[in-house]
Amino acid sequence: MQYDKAKEQFIQAWGTLGSAWGINKAMGQIHALLLITEEALTTEDIMEELKISRGNANMNIRSLIDWGIVQKVLKPGERKEYFTTGKDILELARQVSRERRRREIEPVMRVLNEVQEIEGNTPQVEHFKKVTGDLSGFTKQVDGALDKFIRSDKNWFFQVLMKMMR
């Protein structure tokens, strides 16, 4: 396979994978391009490579910066903004986990804690408390596992992974 074909295939696949992370396809494609490019790229470089509009590029670059997986790079004497991403895949996974935890798990935990304060002792209230209590317990376990992963180092992660495979 030629480099250009492999690059295009990877960018498309990473864009599709991005939607599983909770980001849109264009964000995933921009991230993929930055991931496989050695040098930082300008918005114009990204637009040209991915054949997307300036508005689409700008909006998605800003979102990737908000996710903490793309950084702006300043080059002395340059007026253009350049963008790059870290190349450590485990660190990328931890950052995505941190952001998904903040955006998804923490709000759910707050709601589940609030609704546990429901008043009454009817069968419906008791059932509601049980189901939301079970959900709360499960969510706390998921949060604990995410927290361990986020704070982990490579050795811990691979040790756990190897134990799971046995």
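**A quick tour of the helices**

The axes of α1 and α2 come within 7 Å of each other and cross at roughly 135° (axes are lines fitted to C-alpha atoms, for helices over the stretch in contact, with angles from 0 to 180 degrees between N-to-C directions). That makes α1 oblique to α2, since angles under 35 degrees count as roughly parallel, over 145 as roughly antiparallel, 65 to 115 as roughly perpendicular and the rest as oblique. Keep in mind that this is a predicted model, where local features need pLDDT of at least 70, side-chain atom pairs count only at pLDDT 80 or more, and totals for chains, interfaces and linings use all residues. Residues are numbered from 1 along each chain as its sequence is written, and side-chain values use heavy atoms, leaving out hydrogens and water.

**Helix α3**

- Helices (H or I, at least four residues) and strands (E, at least two) are DSSP runs, numbered from the N terminus.
- In α3, which spans residues 43-50, T43, I46, M47 and L50 are buried (under 20% relative accessible area; exposed is over 50%, partly exposed in between, with a 1.4 Å probe and protein chains only).
- These residues sit on the same side of α3 because they cover an arc of only 100° around the axis, taken from the directions from the helix axis to the C-beta atoms.
- Their cover includes α1 (3-21), α2 (25-36), β1 (41-42), α4 (54-67) and β3 (82-84).
- Just after α3, K51 has a positive phi of about 55°.

**Around D88**

- You'll find D88 in the loop between β3 and α5 (89-115).
- D88 counts as partly exposed because its relative accessibility is 32%.
- D88 and L35 are 53 residues apart in sequence, yet 9.4 Å apart in space, C-alpha to C-alpha.

Terms used
Contact means heavy atoms within 4.5 Å.
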